[in-house]
Amino acid sequence: MRRILRDLKILLLANLWIVPVLAALVGALFYFVAPPPPMHARMATGAASGGYHAFAERLREELARQGFELELVNSRGSRDNLARLVDGQVELALVQSGQELTLDDDVRERLAGLGVVYREPLWLFTSRKVKFERLADLTKLRLAIGADDSGTQAVTAALFATNRIEPAQYPKGWQPLGGSRAADALLAGELDAAFFVGPAENTLIQRLAREPRLQLVSLRRTEAYLARLPYLSRLEVGEGMLDMAQNTPERDIVTLGPVATLVAGENFHPSLTPLILEAAREVLKNGSLLDPAGSYPQRPPRSLATLAEADYYYDKGLPILQRYVPFRIASLADRYIILAIPLLVLLFPLFKAVGPIYQWRIRARIYRWYKHLREIDQQLYKGKLDNDIGAEIARLEKLEDELARVEVPLSYSNELYELHMHLRYMIERLRSVQQRRAQAAGDMAS
C-alpha cells in the first residue's frame with residue numbers, strides 16, 4: 001500500500017503542469033459563460049379587482065414553488081400595462097390582443113409574445129327594459145363604454161368604428177366608465193347598458209349575472225366583425241353558463257372577445273420563458289367555464305415576435321433537464337454544458353499526453369545520469385583522465401549514493417537497476433585503468 005501511494009505521489013508530481021492548464025480552462029469557462037437568469041421579475045396586471053390580477057396572483061403562487069419571485073404591479077388596464085412594458089418599468093405584462101397594433105413597428109419589435117393564456121369575452125349587460133338588436137341601437141341609451149385607456153374601451157371603440165361611429169360622434173349618454181364603477185351605475189339605474197371584458201369566472205361578471213334586473217345580450221354579425229378585426233375571436237356561451245340559478249344567459253348567445261396575452265419586454269431574460277409558461281400551464285390546467293382543460297397557454301398572436309425559447313416550449317415542451325430537476329439547477333447546467341463540451345475537446349489531448357509525458361519525466365530522472373557516464377567514457381577514449389581518475393572514482397561513488405535515494409515507480413525499477421549496474425561498471429573500469437597505470441609506473445621505477 002505504501003508503495004502504491006508513493007507511485008501516486010510520483011505520478012502527481014510528474015504531471016503538476018496540468019494543474020495551471022486546468023485552472024486556466026476552468027477560469028475561461030466561468031468567465032465566458034452567461035450569468036444565470038434572475039429569479040425575480042415584475043409584472044403589470046391591471047386593477048386589483050380585474051381578471052388579469054386574479055390570474056397573476058395564481059401565477060405568482062405557482063412560481064413561488066420554484067423559488068421565483070413575481071412582483072405584481074397594479075395599473076389602469078391593458079393599455080397602461082403595455083406602456084409600462086415599453087418603458088421598461090416591468091419585465092412582463094398581460095396585454096389584451098390588438099393593443100400591440102397601436103405601437104409603432106420599431107417599438108413593437110422590442111416586445112415578445114410568450115403566449116395566450118385565456119380568452120376575454122366582451123359582455124354587454126342591459127336593463128330588461130332595453131331591446132337590443134344591433135350596436136347602432138345603443139346610441140339612444142346611457143352606455144358605459146369602458147374606462148379611458150382600458151382594454152374594454154379599446155374593443156368597444158373598434159366595434160363602433162366598423163359601424164362608422166367614431167369617438168367624435170359618441171352620444172352624450174355614453175360614459176367612459178368601466179369595472180365596478182360601471183357595474184354600480186348600471187345596478188343603480190344610472191345606466192341602461194354597459195360593456196365589460198373579462199373571464200366568465202370574474203367576480204364582477206358573476207355579480208352582474210346573478211342580478212335579475214339585468215340581461216346578457218348576444219352580439220349579431222360576428223363574422224362581419226371578425227373579418228375586420230382579426231385579433232378578436234368568436235365565443236359561444238350556452239344557456240345558463242354564467243349562472244344556472246338565474247339562468248344567465250337565458251338562451252345560447254354569441255359574443256366576441258380578445259385574448260389575454262403574456263408579453264415580455266426588452267429586460268426579460270429569455271431563459272425564464274419555459275419556467276413562466278409551465279407555471280401558466282399548471283394554473284390553467286383545469287380550464288374555465290369557456291376554455292376547455294389543458295387548452296392554454298397557446299402561441300402568441302402573429303403580430304408579436306416569439307422568443308426561440310417559447311417556440312421550443314410549444315413544439316417540444318420543457319427542456320430536458322427542467323423535466324427532472326428544479327429550474328435553477330437545470331438553468332445552470334444548461335449554460336455550463338454548452339461551454340463544457342469545447343472544454344472537454346481541449347482536455348482530451350491534454351490527458352492523452354499525460355502518459356507519454358509521465359513516462360518521459362520518470363525516465364529523465366534515470367537517463368540524466370547516463371550523460372555523465374557518457375562523458376567519462378569519451379574522456380577515457382581520448383586519454384584525458386590520466387591525472388583525475390581517483391577524483392572521478394570518488395565522484396562516481398558519491399553519485400552512486402545519491403542514486404540510491406532516487407524514487408521511481410515499480411514499473412520503472414528495472415531501468416533504475418540497470419543504471420546502478422552501469423554506474424558500478426564504470427567505477428570498476430576506472431579502478432582497473434587506475435591499477436594498470438599504477439602497475440606500469442612501478443615497473444618503470446624498478
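Colleague: How many helices and strands does the protein chain contain?

Modeller: In this predicted model, the protein chain has 15 helices and 13 strands. Of its 446 residues, 46% are buried. The chain exposes about 24300 Å², and carbon and sulfur atoms supply 55% of that area.

Colleague: What share of the contacts between residues at least 6 apart in sequence joins residues at least 24 apart?

Modeller: The share is 76%. Leu-103 lies in the loop between S3 and helix H5 (105-108). Leu-103 and Leu-82 are 21 residues apart in sequence, and their C-alpha atoms are 9.3 Å apart in space. Setting aside residues up to four places away in sequence, Leu-103 touches Leu-82, Val-86, Arg-108 and Leu-111.

Colleague: In what order do the strands of the open sheet lie?

Modeller: The open sheet has 6 strands in the order S2-S1-S3-S12-S4-S13, and the pairing is mixed. Strand S2 (69-74) and strand S13 (305-306) are the edge strands, each pairing on one side only. Within the sheet, strand S4 (residues 112-119) pairs with strand S12 (residues 259-264) in the antiparallel sense, over 6 bridges. Tyr-118 stands opposite Ala-260 in S12.

Colleague: Which residues touch the most other members of the largest nonpolar core?

Modeller: The general idea comes first. In soluble globular proteins, nonpolar side chains tend to be buried together. Here the largest nonpolar core has 38 residues, and those touching the most other members are Met-43, Phe-55, Phe-68, Leu-70, Leu-114 and Ile-276. At least two residues of this core come from each of strand S1 (40-46), helix H3 (51-64), S2, strand S3 (92-96), S4, S12, helix H10 (273-283) and H11. H10 gives the largest share, 6 residues. There is also a second, separate core of 25 residues, which includes Val-130, Phe-132, Leu-219 and Leu-229.

Colleague: With which residues is Leu-114 in contact, leaving aside its neighbours within four places in sequence?

Modeller: The contacts of Leu-114 include Leu-92, Leu-262, Phe-268, Ile-276, Leu-277, Pro-300 and Tyr-314. Among the others are Ala-264, Thr-273, Leu-307 and Ala-310.

Colleague: Which residues make the nonpolar surface patch?

Modeller: Tyr-312, Ile-320, Tyr-324, Val-325 and Ile-329 make a patch of about 520 Å². Tyr-324 belongs to the loop between helix H11 (308-316) and helix H12 (327-352).

Colleague: Why does Tyr-324 count as exposed?

Modeller: Tyr-324 counts as exposed because its relative accessibility is 68%, and the cut-off for exposed is over 50%.

Colleague: How many salt bridges does a search of the whole structure find?

Modeller: Side chains of opposite charge can pair when their charged atoms come close. In this structure the search finds 20 salt bridges. One of them joins Arg-119 and Asp-291, with the closest N and O atoms 2.9 Å apart. Arg-119 lies in strand S4 and Asp-291 in the loop between H10 and S13, so this pair ties together parts that are 172 residues apart in sequence. Asp-291 counts as buried, at 8% relative accessibility.

Colleague: What does the salt bridge between Arg-220 and Glu-133 tie together?

Modeller: The side chains of Arg-220 and Glu-133 meet at 2.7 Å, N to O. Arg-220 lies in the loop between strand S9 (214-216) and helix H9 (222-228), and Glu-133 in the loop between strand S5 (122-127) and strand S6 (143-144), so the pair ties together parts that are 87 residues apart in sequence. Arg-220 is partly exposed, with a relative accessible area of 48%, and Glu-133 is partly exposed at 45%.

Colleague: Which residues are linked in a network of salt bridges?

Modeller: Glu-397, Arg-424, Glu-428 and Arg-431 are linked in this way. A further salt bridge brings together the side chains of Glu-236 and Arg-234, at 2.6 Å from N to O. Glu-236 is exposed, with a relative accessible area of 58%, whereas Arg-234 is partly exposed at 33%.

Colleague: Is Ser-233 buried or exposed?

Modeller: Ser-233 is buried, because its relative accessible area is 19% and the cut-off for buried is under 20%. Ser-233 is found in strand S10 (residues 233-237). Apart from neighbours within four places in sequence, Ser-233 is in contact with Arg-119, Leu-226, Thr-255, Leu-256, Gly-257 and Val-259. Arg-119 is also the residue that forms a salt bridge with Asp-291.

Methods. Residues numbered from 1 in each chain as written. Predicted model: local features only at pLDDT ≥ 70, side-chain atom pairs only at ≥ 80, totals over all residues. Heavy atoms only, no water. Helix = DSSP H or I, 4+ residues; strand = E, 2+ residues; numbered from the N terminus. Buried < 20%, exposed > 50% of the residue type's maximum accessible area, 1.4 Å probe, protein only. Contact = heavy atoms within 4.5 Å. Areas by Shrake-Rupley, 256 points an atom, 1.4 Å probe, with all protein chains shown as cover. Pairing = 2+ DSSP bridges. Patch = residues over 30% accessible without salt bridge, like charges linked within 9 Å, V, L, I, M, F, W, Y side chains within 5 Å. Salt bridge = Lys/Arg side-chain N within 4 Å of Asp/Glu carboxyl O. Core = buried A, V, L, I, M, F, W, Y, C linked by side-chain atoms within 4.5 Å.
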